[in-house]
Amino acid sequence: MSEGNLVSGSTGVVYPLAGETAPAGGNVAGHDTPELLLAADVGGTHARLGLIAYSRPAAMLDVLAYQVYPCRDDASLDAIVQRFCQGMAIRPRRFALACAGYLHEGRVINSHLQWPIEPAALERALGLDEVCVLNDFVALAHAVPHLNGDAATPLHVPARAAPAGPVVVVGPGTGLGVAVRLPGPAPQVLPTEAGHIQLAARTSRERQVLAVLSPADAHAPYDMVLSGPGLLRVYRALCQIEGVAPACHAPAEVVAAAVANRDALAHETLQLFCGWLGSFTGDLAMMYGATGGIHLAGGFLSQMTDLLRASSFVERFLDKGVVRPFLETVPVQVVDHAQLAVIGAARWLVERTAPVASV
């Protein structure tokens, strides 16, 4: 069974120490002993799990261990969590689960997930006191204060800085996620379903592709094209329009072929993707007054930053008529989110009971 490598956090030690098992509640004796929390970021492709130490007096979060599992390799999420915990002999009592989709009547609603996710069933199966679910992009927005320069690649740097304001986190992945972080003494995060906004075709080529992908008078959301599966849809549509057989059969193949410039239609696919992404993020920046910036988070975006820079992304982002001067003040960067959603989920969980000092 394939798994990612275990990654130790800044302490350099997995807690508890080897040979010890944490008692119920995930704590050992001692007033200042950190609480152990489980946190996860689960999407349609990967489940990312972290063991987090929360130090209440200092309001600090420390990632002690982190592991990535392909979702297709397991029959359920609780099987993954049990293996993660058993491998380190830990028994945390609280679990923050960042998940694509939203919670409705006790179940996470998302057609991209490999298996059903029900918090109450997870509590029973794993013997946990609490399983709390939040949207994965809400978790990323909660993790914004933990971003550092090494994890960010700028696409648009304003000539002059605007007053600090809302931050929009956008992520094309298995679907298209969007969340907004609102500034203030107690920052708030607004979940959205902006990925389901009606897709707008601007160029004649975009209209050709949209005509192939969606019947007339039907709802066509942005995540139809601004996602991993969306890349493959656009590529296949272009192949159909040009009357050629597809040479790429997975989103990763399309990206690799485009970056290596060995498939003209794969390259055009990413050009269309970048233009649509620029228009979409420009709309979001106007909608939310995002002077705090746009953070683009997504597994494959970090593989194509040079292509993004060379594409029409920035011009489409800025090209909003009389609103252009405002958009010129909005920074845009690609962030390598890796552990960020796991950290954000843990931060959200502890803030519910013991607010963490705002950053």
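## A buried arginine

Arg316 is buried, with a relative accessible area of 9%. Buried means under 20% relative accessible area, exposed over 50%, and partly exposed in between, using a 1.4 Å probe and protein chains only. Arg316 sits in helix α9, residues 313–318. Helices (H or I, at least four residues) and strands (E, at least two) are DSSP runs, numbered from the N terminus.

This is a predicted model: local features need pLDDT of at least 70, side-chain atom pairs count only at pLDDT 80 or more, and totals for chains, interfaces and linings use all residues. Residues are numbered from 1 along each chain as its sequence is written, and side-chain values use heavy atoms, with hydrogens and water left out.

What does the side chain of Arg316 make polar contacts with? One partner is the side chain of Glu206, at 3.0 Å. Another is the side chain of Ser279, at 2.7 Å. A polar contact is a pair of N or O atoms within 3.5 Å; within protein, one must be able to donate a hydrogen and the other to accept it, and residues adjacent in sequence count only if both atoms are side-chain atoms. Leaving out residues up to four places away in sequence, Arg316 touches Arg202, Thr203, Glu206, Gly275, Trp276, Gly278 and Ser279. Contact means heavy atoms within 4.5 Å.

## The whole protein

The protein has 11 helices and 14 strands. Of its 359 residues, 52% are buried. Among contacts with a separation of 6 or more, 69% join residues 24 or more positions apart.

## Helix α11 and its cover

Helix α11 covers residues 340–351. Its 12 residues reach 16 Å from the first C-alpha to the last, close to the 16 Å expected at 1.5 Å a residue. The expected span is 1.5 Å times one less than the number of residues. Is α11 enclosed or open? Because 11 of its 12 residues are buried, α11 is largely enclosed by the rest of the structure.

The buried residues of α11 include Leu340, Val342, Ala346, Arg347 and Trp348. Their cover includes strands β2 (35–42), β3 (46–55), β4 (60–70), β5 (94–99) and β8 (130–135), along with helix α3 (136–142).

Ile52 gives a view from strand β3. Ile52 is buried, with a relative accessible area of 1%. Beyond four places in sequence, Ile52 is in contact with Val342 and Ala346, and also with Glu35, Leu36, Leu37, Ala39, Leu61, Asp62 and Val63. Ile52 and Tyr66 are 14 residues apart along the chain, and 8.9 Å separates their C-alpha atoms.

## One cavity

How many cavities of 30 Å³ or more does a search of the whole structure find? The search finds 1. The largest cavity has a volume of about 40 Å³. On a 1 Å grid over the protein atoms alone, a cavity is a set of points where a 1.4 Å probe fits but cannot get out, and lining residues have an atom within 4 Å of a point. Grid points are joined across faces, edges and corners, and the volume is the space filled by probe spheres set on the points.

Leu140, Ala143, Val144, Leu147, Val169, His295, Val335 and Leu340 line the largest cavity. The lining divides into 7 nonpolar residues, 1 polar and no charged. Here Ala, Val, Leu, Ile, Met, Phe, Trp, Tyr, Cys and Pro count as nonpolar, Asp, Glu, Lys and Arg as charged, and the others, Gly among them, as polar.

Thr153 and Val335 are 182 residues apart along the chain, yet their C-alpha atoms are separated by 6.4 Å. Thr153 is in strand β9, residues 152–156. At 25% relative accessibility, Thr153 counts as partly exposed. Outside four places in sequence, Thr153 touches Thr305, Arg309, Gln333 and Val334.

Helix α5 has 15 residues, 228–242. Ser227 caps the N-terminal end of α5: a side-chain oxygen lies 2.9 Å from the backbone nitrogen of Gly230. Gly243 follows α5, with a positive phi near 70°. Buried residues of α5, including Leu231, Tyr235 and Cys239, pack against α4 (204–213), α6 (251–259) and α7 (264–288).

Two loop residues other than glycine have positive phi. Asp217, between α4 and α5, has phi near 65°. Asp217 is exposed, at 88% relative accessible area. Asn261, between α6 and α7, has phi of about 60°. Asn261 counts as exposed at 57%.

Technical notes
On a 1 Å grid over the protein atoms alone, a cavity is a set of points where a 1.4 Å probe fits but cannot get out, and a pocket is an open set with protein on both sides within 12 Å along at least five of seven lines; lining residues have an atom within 4 Å of a point.
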